[in-house]
Amino acid sequence: MMRDDVTIYDLKCIIAVAQEGSESRAASRLHTTQPGVSRTIHEVEDAVGVRLFYTWHGGSRLTDPGKAFVEGILHSVEQYER
């Protein structure tokens, strides 16, 4: 089932994968499973309509649209905290 909303947890997941460079390491950091992280990434990509990560065995790297997406999230959090 595809969702059309993106939650704070989903955003935390995207940021964790971006920072850790791996779905498995992000899952460990978030105390969840790698398949759950992978599913969340695909759901967010479907919701926003762009591919956020290139993934291969053992790693994940942001695409250019993914970099812009994460930068936007971090900028929004920074503005909120001010």
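Which residues does Ser-60 touch, not counting residues up to four places away in sequence? Ser-60 touches Val-17, Gly-21, Ser-22, Glu-23, Phe-53, Tyr-54 and Thr-55. Contact here means heavy atoms within 4.5 Å.

These legends describe a predicted model, in which local features need pLDDT of at least 70, side-chain atom pairs count only at pLDDT 80 or more, and totals for chains, interfaces and linings use all residues. Residues are numbered from 1 along each chain as its sequence is written, and side-chain values use heavy atoms, with hydrogens and water left out.

**View 1. Ser-60 in strand β2.**
Helices (H or I, at least four residues) and strands (E, at least two) are DSSP runs, numbered from the N terminus. Ser-60 is buried, with a relative accessible area of 8%. Buried means under 20% relative accessible area, exposed over 50%, and partly exposed in between, using a 1.4 Å probe and protein chains only. Ser-24 sits 36 residues from Ser-60 along the chain, and their C-alpha atoms are separated by 9.7 Å.

**View 2. Helix α1 (residues 8-20) and what covers its buried residues.**
The buried residues of α1 are Asp-10, Cys-13, Ile-14, Ile-15, Ala-16 and Val-17. Their cover includes α2, α3, β1, β2 (59-62) and α4. The 13 residues of α1 should span 18 Å at 1.5 Å a residue, and the end C-alpha atoms are 18 Å apart, which agrees. The expected span is 1.5 Å times one less than the number of residues in the helix. Gly-21 follows α1 and has a positive phi, near 75 degrees. Thr-7 lies in the segment before α1. Thr-7 is partly exposed, with a relative accessible area of 30%. From Thr-7 to Ser-38 is 31 residues along the chain, and their C-alpha atoms are separated by 15 Å.

**View 3. The crossing of α1 and α3.**
Two packed helices are described by the angle between their axes and the distance between the axes. The axes of α1 and α3 (residues 34-48) come within 10 Å and cross at roughly 110 degrees. Axes are lines fitted to C-alpha atoms, for helices over the stretch in contact, and angles run from 0 to 180 degrees between N-to-C directions. The two helices, α1 and α3, are therefore roughly perpendicular to each other. Angles under 35 degrees count as roughly parallel, over 145 as roughly antiparallel, 65 to 115 as roughly perpendicular and the rest as oblique. On the α1 side are Tyr-9, Asp-10, Cys-13, Ile-14 and Val-17; they meet Val-37, Thr-40, Ile-41 and Val-44 in α3. By class, this contact of α1 with α3 has seven nonpolar, one polar and one charged residues. Ala, Val, Leu, Ile, Met, Phe, Trp, Tyr, Cys and Pro count as nonpolar, Asp, Glu, Lys and Arg as charged, and the others, Gly among them, as polar.

**View 4. Asp-10 in α1 and Val-44 in α3.**
Asp-10 is buried, with a relative accessible area of 2%. Pro-35 lies 25 residues from Asp-10 in sequence and 14 Å away in space, C-alpha to C-alpha. Val-44 is buried too, with a relative accessible area of 0%. Not counting residues up to four places away in sequence, Val-44 touches Val-6, Asp-10, Ile-14, Leu-52 and Phe-69. Asp-5 is 39 residues from Val-44 in sequence and 8.2 Å away in space, C-alpha to C-alpha.

**View 5. Helix α3 from start to following glycine.**
A side-chain oxygen of Thr-33 reaches to within 3.1 Å of the backbone nitrogen of Gly-36 at the start of α3. Gly-36, Val-37, Ser-38, Thr-40, Ile-41, Glu-43, Val-44 and Glu-45 are buried in α3. The buried residues of this helix pack against α1, α2 (23-30), β1 (53-56) and α4 (64-81). At 1.5 Å a residue, the 15 residues of α3 should span 21 Å; the end C-alpha atoms are 21 Å apart, which agrees. Gly-49 follows α3, with a positive phi near 80 degrees.

**View 6. Helices α2 and α3, with His-31 in the loop between them.**
The axes of α2 and α3 are 8 Å apart, and the helices pack at an angle of about 105 degrees. α2 and α3 are therefore roughly perpendicular to each other. Glu-23, Ser-24 and Ala-27 in α2 meet Gln-34, Val-37, Ser-38 and Ile-41 in α3. By class, the contact of α2 with α3 has three nonpolar, three polar and one charged residues. His-31 is exposed, with a relative accessible area of 75%. His-31 is not a glycine, yet has a positive phi of about 60 degrees. Most residues other than glycine have a negative phi.

Note on methods: Polar contact = N/O pair within 3.5 Å; in protein donor to acceptor, adjacent residues only side chain to side chain.
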